[in-house]
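Here is a short briefing on the structure below.

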Amino acid sequence: MSETVSKTGRWIDWANPTRFMSFAGVILPWLAGLTLIVLAGGLWMSMQAPDDYQQGATVKIMFIHVPFAWLSMMCYTIMTIAALGTLVWRHPLADVSAKAAAPIGAVFTALALITGSLWGKPMWGTWWVWDARLTSVFVLFLMYLGIIALTRAMDDPAKSARATAILTLVGFINIPIIKFSVDWWNTLHQPASVFRMGGSTIDGSLLRPLLVMAIGFTLLFFTLHLMAMRNEIWRRRVVAMRRVAARNADRGPVQ
Amino acid sequence: MRLVAEKLAGERGGETLFSDLDFTVAAGEALLVTGPNGAGKSTLLRIIAGLLARSAGSLRVVEGSENSDEVAQLAHYLGHLNAMKPVLSIEENLEFWRAFNGAGKRSVIAALDKVGLGDIAHLPFGYLSTGQKRRASIARLLVSDRPLWLLDEPTAGLDKASELQFAGLMQEHLGNGGIVIAATHLPLGLEVAGELRLGASA
Amino acid sequence: MGALFVREVRLGLRSGAGILIGVLFFLAVIAVVPFGVGPDLKLLARIGAAMLWIGALLATLLGLDRLFQADRDDGSLDLLIMASERHLLTLTVLVKCLAHWTVSVLPLVVASPLLGLFMNMEPAAIGATTATLLVGTPAITLIGAVGAAVAVSLPRGGLLVSVIVLPLTVPVLIFGVSASYGAVEDPAPFLAPFLILAAITLFFAVLGPLAAAAALKSSAD
């Protein structure tokens, strides 16, 4: 009994934005430092990795492209959890988390598309093909932008939180359907160019730096996410203070 | 200068609201347009402002011996709507109208001080309460100098203190040789004012 | 007039997602084309310029209905009309159109080369399409201003504006697309349709605001 109370107590403690701010203030420098070290290590390891016998040095784009692609999906998952947090548990930070994550996710998705395009240019001979995987990621990118547009379009955070959460959830449920239909559309049309990862398993000498880079970028994501959440809370406080200022100014006109 | 209306008639949606209206308002005078709802108070003000066409009669400004039809450019019109953008700050809103309507003697901050909003000039207009919005839009009359004020229910949303202060501003305007024509069914607190009753004869 | 331009641009930038929604709509329109016609790169390259133009045309019409309606809703429009002895209303409308174009349409032009890549267009075609969009889209905004002005007093004018304006923009589309193709396909000329396009824009820079101002003056009630 007492355990449940203390548990909910802690849960609510964490939900308190002020607690969150002090927590974020403590952890952010460490997280940022760790991100820097892991990314630097990953970058060094990537430079040391051997070139591919077919693709040459372009294969190194993989070391950033794959983490970006992974983060684009992880970020949407986090936003979906945050959406559940808003709708089901009514957690006050969930909406802040979702709103802060959306632009970061959109940037990582865009970077995944751009690096993929740079990687593919020597092989496809063009910047873009409507390959099933790329197309799915592109649709994901459009969904991110739609969510950002919705959060920006509404002034009242409480109202926009629920609308955004519902849209995010519907999008999440839709992702497998989109993926399936894009695959079906693509095989139906027999794509003009064929893009395969060589079919071979990735060698350990490439896998290790890739893994370190993935961890490094994931840490980077969390650093940016925490910072963005902090900014969002600050922004809301400024808006609230300005509204209070407008009300307090009504001390009656000066004669 | 005088504003002279002769045999003025106005209609709305094909229905004549008033006709054969004659009045003259001289500098330093106020004219209150009163009457029941639908008598054509707003229509009369919009006709004077040039926003609606009059169905008959004439309207001119007499300055010495010169006649002028260009009433609109001498007039400030304060309608039911505040003509301010909620996303811009109060100061940005007023700076725009000051530049667009011609800069007057008062600066934006001085005008806002007059209506008691000088301290929050940097806030977005959308943050203000109804009464504060009304006062900000009254400040618009002060940033550009126009002799003729056309006011449509100017005190809607104002509290007692603000009403009193607005009466002071109108009195000052009249003292400087201005003209006030106000549609209202509340006493505006002016010392001397003529009254034009619409809808009584109909 | 400078103050009006600054105010309109500020409004466009501050009212949240304005720019983003236009570009996003453009992006979405272009993105669904391959799902309709299939991922054949050669086919996409061939229809690319036309699709970019249609996408930009639709995205330009988006939000055009608010051009005067926002000012009418808060009473600003009355004051803009009242000032017509001081500032010619035609000029006021022109400045509003220019500001609207700068904030809402210029980003579309900037985004169009990127979308050209998605359509597998060659660099020359992308350059030509961007140039024609830059020269041609102001005409759409200026024609659209007439539609926005005549529909200003209608509560649900949004769709109506698009329906009124679309047929009037046909010449812009014709010369814009033919100039774009003229840059890459050999027998077709580029310069002639491009100059006609520029002429159409200049022509509507006069006719559009004049007609819109007349409509606005008679709209007051």
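**Salt bridges and chain contacts**

A:Arg236 and A:Glu232 form a salt bridge, with their closest N and O atoms 2.8 Å apart. The model is predicted. Over all chains, a search of the whole structure finds 18 salt bridges.

- A:Arg236 and A:Glu232 both sit in helix α7 of chain A, which covers residues 204-248.
- They are four residues apart there, so about one helical turn separates them.
- A:Glu232 counts as buried, at 8% relative accessibility.

- C:Asp71 forms a salt bridge with B:Lys85, and the closest N and O atoms are 2.7 Å apart.
- C:Asp71 lies in helix α4 (residues 66-73) of chain C, while B:Lys85 lies in the loop between β6 (75-78) and α2 (90-101) of chain B, so this pair joins two chains.
- Is C:Asp71 buried or exposed? C:Asp71 is buried, with a relative accessible area of 1%.
- B:Lys85 also counts as buried, because its relative accessibility is 5% and the cut-off for buried is under 20%.

**The pair within chain B, and a network**

- B:Asp145 and B:Lys105 meet through their side chains in a salt bridge, at 3.4 Å from N to O.
- This pair links distant parts of the chain, 40 residues apart.
- B:Asp145 is in the loop between α4 and β7 (148-152) of chain B, and B:Lys105 is in the loop between α2 and α3 of chain B.
- B:Asp145 counts as partly exposed at 40% relative accessibility, whereas B:Lys105 counts as exposed at 75%.
- Which residues do salt bridges with shared partners join into one network? They are B:Lys85, C:Arg7, C:Glu8, C:Asp71, C:Asp74 and C:Lys96.

**The contact between chain B and chain A**

- Chain B gives 18 residues to the contact, and chain A gives 11 residues.
- About 1200 Å² is buried between chain B and chain A, and carbon and sulfur atoms give 50% of that area.
- B:Leu123, B:Tyr127 and B:Gln132 supply 39% of the area that chain B buries against chain A, more than any other three residues.
- How many salt bridges does the rule find across the interface of chain B and chain A? The rule finds zero.
- One residue pair is in polar contact between chain B and chain A, with both residues at pLDDT 80 or more.
- On chain B, α3 (108-114), α4 (130-143) and α5 (160-175) each supply at least two residues of the side that touches chain A.
- α5(B) gives the largest share of that side, three residues.
- By class, the side of chain B that touches chain A has seven nonpolar, seven polar and four charged residues.

**The build of chain C**

- Chain C has 10 helices and zero strands.
- Its pattern along the sequence is α-α-α-α-α-α-α-α-α-α.
- The radius of gyration of chain C is 18 Å, close to the 17 Å that the globule rule gives for 221 residues, so chain C is as compact as a globular protein of that length.
- The C-alpha trace of chain C spans about 55 × 35 × 30 Å along its principal axes.
- Of the 221 residues in chain C, 54% are buried.
- Among chain C contacts between residues at least 6 apart in sequence, 81% join residues at least 24 apart.

Notes. Residues are numbered from 1 along each chain as its sequence is written. Chains are lettered from A and ligands numbered from 1 in the order in which they are written. This is a predicted model: local features need pLDDT of at least 70, side-chain atom pairs count only at pLDDT 80 or more; totals for chains, interfaces and linings use all residues. Side-chain values use heavy atoms; hydrogens and water are left out. Contact means heavy atoms within 4.5 Å. Buried area is the accessible area (1.4 Å probe) that two parts lose on being put together, summed over both. A salt bridge is a side-chain nitrogen of Lys or Arg within 4 Å of a carboxyl oxygen of Asp or Glu. A polar contact is a pair of N or O atoms within 3.5 Å; within protein, one must be able to donate a hydrogen and the other to accept it, and residues adjacent in sequence count only if both atoms are side-chain atoms. Ala, Val, Leu, Ile, Met, Phe, Trp, Tyr, Cys and Pro count as nonpolar, Asp, Glu, Lys and Arg as charged, and the others, Gly among them, as polar. The radius of gyration is taken over C-alpha atoms; the globule rule is 2.2 Å times the number of residues to the power 0.38. Buried means under 20% relative accessible area, exposed over 50%, partly exposed in between (1.4 Å probe, protein chains only).
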